[in-house]
Amino acid sequence: MLLEVKDLEVSFFTHAGEVKAVRGATFSVDEGEVVALVGESGCGKSVTAQSIMRLIPDPPGKIDNGSICL
């Protein structure tokens, strides 16, 4: 397995309170496999990708739960 994401949860803390950007994302990518994240605007695609690359700024963002194994 090349990439495994289990139960990923990411939040951002704003003046209005906590915003849960990703809740319970789980998927895996095997060697040679091509995977696409698709969804509506604002559904967490970019935050999921940034979490995998460890680019979520802390603060205001935080990976609350889950594991990412690359």
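Student: Which residues are buried in helix α1?
Tutor: In this predicted model, Val47, Thr48 and Ser51 are buried in α1, residues 45–52. Buried means under 20% relative accessible area with a 1.4 Å probe, protein chains only. Helices are DSSP runs of H or I with at least four residues, and strands are E runs of at least two, numbered from the N terminus.

Student: Where do they sit around the α1 axis?
Tutor: They fall within an arc of 100 degrees, so they line one face of the helix. That arc is taken from the directions from the helix axis to the C-beta atoms.

Student: What do they pack against?
Tutor: The buried residues of α1 pack against β1, β2 and β3 (61–69).

Student: OK, new topic. Which residues make up the largest nonpolar core?
Tutor: There are 11, including Leu3, Phe12, Val47 and Ile68. β1 (3–14) and β2 (17–29) each give two or more, and β1 has the largest share, with five. A nonpolar core here is a set of buried Ala, Val, Leu, Ile, Met, Phe, Trp, Tyr and Cys residues joined through side-chain atoms within 4.5 Å.

Student: What does phenylalanine 12 touch?
Tutor: Leaving aside neighbours within four places in sequence, its contacts (heavy atoms within 4.5 Å) include Val47, Ile56 and Pro60.

Technical notes
Residues are numbered from 1 along each chain as its sequence is written. This is a predicted model: local features need pLDDT of at least 70, side-chain atom pairs count only at pLDDT 80 or more; totals for chains, interfaces and linings use all residues. Side-chain values use heavy atoms; hydrogens and water are left out. Buried means under 20% relative accessible area, exposed over 50%, partly exposed in between (1.4 Å probe, protein chains only).
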